[in-house]
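Here is a friendly walk through one protein structure. Keep the picture open while you read, and look for each part as it comes up.

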Amino acid sequence: MKHIVLAPDSFKGTMTAAEICAVQREAIRRLLPGVTVDEVPMADGGEGFIETCRRLRGGERVEVTVTGPLHTPVGAFYLRLPDGSAVIEMAAAAGLPLAGGRLDPLKATTYGVGELILHAVERGAHRILLGLGGSATNDGGIGMAAALGYCFYDGEGRPVEPLAKHLGKIVSVRRERELPEVEITAACDVDNPLCGPSGATAVFGPQKGVTPALFPALEDGMSHLAALMERDTGAPVADTPGAGAAGGLGAAVLYFLRGTLRPGIELLLDAAGFDGLLERADLVITGEGCMDRQSVRGKVPAGVGQRCRRRGVPCVALCGSLGEGAEELYGCGISAMFSTLHTFTDLETSARTCREDMRLLTDAVIRLLLSRE
């Protein structure tokens, strides 16, 4: 074995993708001191997206105070690239960690995401790459749209406050402030539609505080928004893969901003020249914090595994934990999966031991592979 490529996602709350690469590289070189190790820390549109783009393309971090998911000011940021375009992580303004455990899917807003976009555009950005993932919101992106000049009205022409709990009241949408022309591409971390059993509310709502009692009203509101979008565009916007990303922000990018959606992992693999690295790779190691059925729908391990399968390169996934449906990743080019957790533990303990756990797991996997040579 002469060449190994490391392409993990971050483990939320414990290690960044770059930190994982460093631990794995050290463990590999203890056993294979002459091996070439290429490190390609990855992201899929969620946490770590900006940092991955910065490593690949450079740029300057811009700090901005915006409206957080619970309508209080938060310190957010985006990346201004050398060519003047911008990279924005929606989670920087409306992510779950910003809610501080106080989840409120009826009121949580993406307004701050719109403020980040506006800040970047007013300072000359003509192209924006918007990472979708890790949201605390389920508002269909109407908060973002409101920050960018859209207003919402009910059947009697009265203003509707842009919150998830009011989605079902919206009958008309008007843009009352023009945004300078900008090209927006959204990098999605999932390919879910807006509504239905695979939609934003059904799949991701529970982690944002959507209870069985709240679900019918929120799903009805999202379906109402989907119908309004189709009425105005004549196209099934809500069924576009990725429309359900970030609580429906994917659909909002299509409808309000006339943007495009792409899998975030595909954008970053292309930017990293990943296919070129595979030409000489003997093994690729990927992974994410928890691998489960959702990992198949646009997450880093699935994207990396599919590239490896096309090139005939073995791909091993090292993750924090394996959840329900993780075995579906074998259909995406993953050769084998291993978890660092060997007993039930809490996040605090896991954060304390995660580096040593990853070192030991990497060591064990490399030893297994060497025993077969």
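Helix H9 is mostly covered, with six of its eight residues buried (buried means under 20% relative accessible area, exposed over 50% and partly exposed in between, using a 1.4 Å probe and protein chains only). Those buried residues are Gly264, Ile265, Glu266, Leu267, Leu268 and Leu269. Helices (H or I, at least four residues) and strands (E, at least two) are DSSP runs numbered from the N terminus.

A word on where this comes from: the model is predicted, and local features need pLDDT of at least 70, side-chain atom pairs count only at pLDDT 80 or more, while totals for chains, interfaces and linings use all residues. Residues are numbered from 1 along each chain as its sequence is written, and side-chain values use heavy atoms, with hydrogens and water left out.

Which elements cover the buried residues of H9? The table lists some of them; H11 is also among them.

| Element | Residues |
|---|---|
| Helix H2 | 49–57 |
| Strand S6 | 127–132 |
| Strand S9 | 183–188 |
| Strand S10 | 260–263 |
| Helix H10 | 274–278 |

Now look at how H9 (residues 264–271) meets H11: the two pack at an angle of about 50°, with their axes 9 Å apart. (Axes are lines fitted to C-alpha atoms, for helices over the stretch in contact, and angles run from 0 to 180 degrees between N-to-C directions.) That angle makes H9 oblique to H11; angles under 35 degrees count as roughly parallel, over 145 as roughly antiparallel, 65 to 115 as roughly perpendicular and the rest as oblique. On the H9 side, the contact is made by Ile265, Glu266, Leu269 and Asp270, and on the H11 side by Val300, Gly303, Val304, Gln306 and Arg307 (contact means heavy atoms within 4.5 Å).

Just after H9, glycine 273 takes a positive phi of about 65°.

Val304 turns up again in the largest nonpolar core, which has 97 residues; Val304 is among those with the most contacts inside it, along with Ile117, Ile128, Leu130 and Phe256. A nonpolar core is a set of buried Ala, Val, Leu, Ile, Met, Phe, Trp, Tyr and Cys residues joined through side-chain atoms within 4.5 Å. Helix H8 (residues 245–256) gives the largest share of this core, nine residues. A second, separate core of 20 residues includes Ile28, Val37, Ile285 and Leu318.

Finally, find serine 295 in the loop between strand S12 (290–291) and helix H11 (300–311). Is serine 295 buried or exposed? Serine 295 is buried, with a relative accessible area of 1%. Leaving aside neighbours within four places in sequence, serine 295 is in contact with Glu288, Cys290, Ala302 and Leu329.
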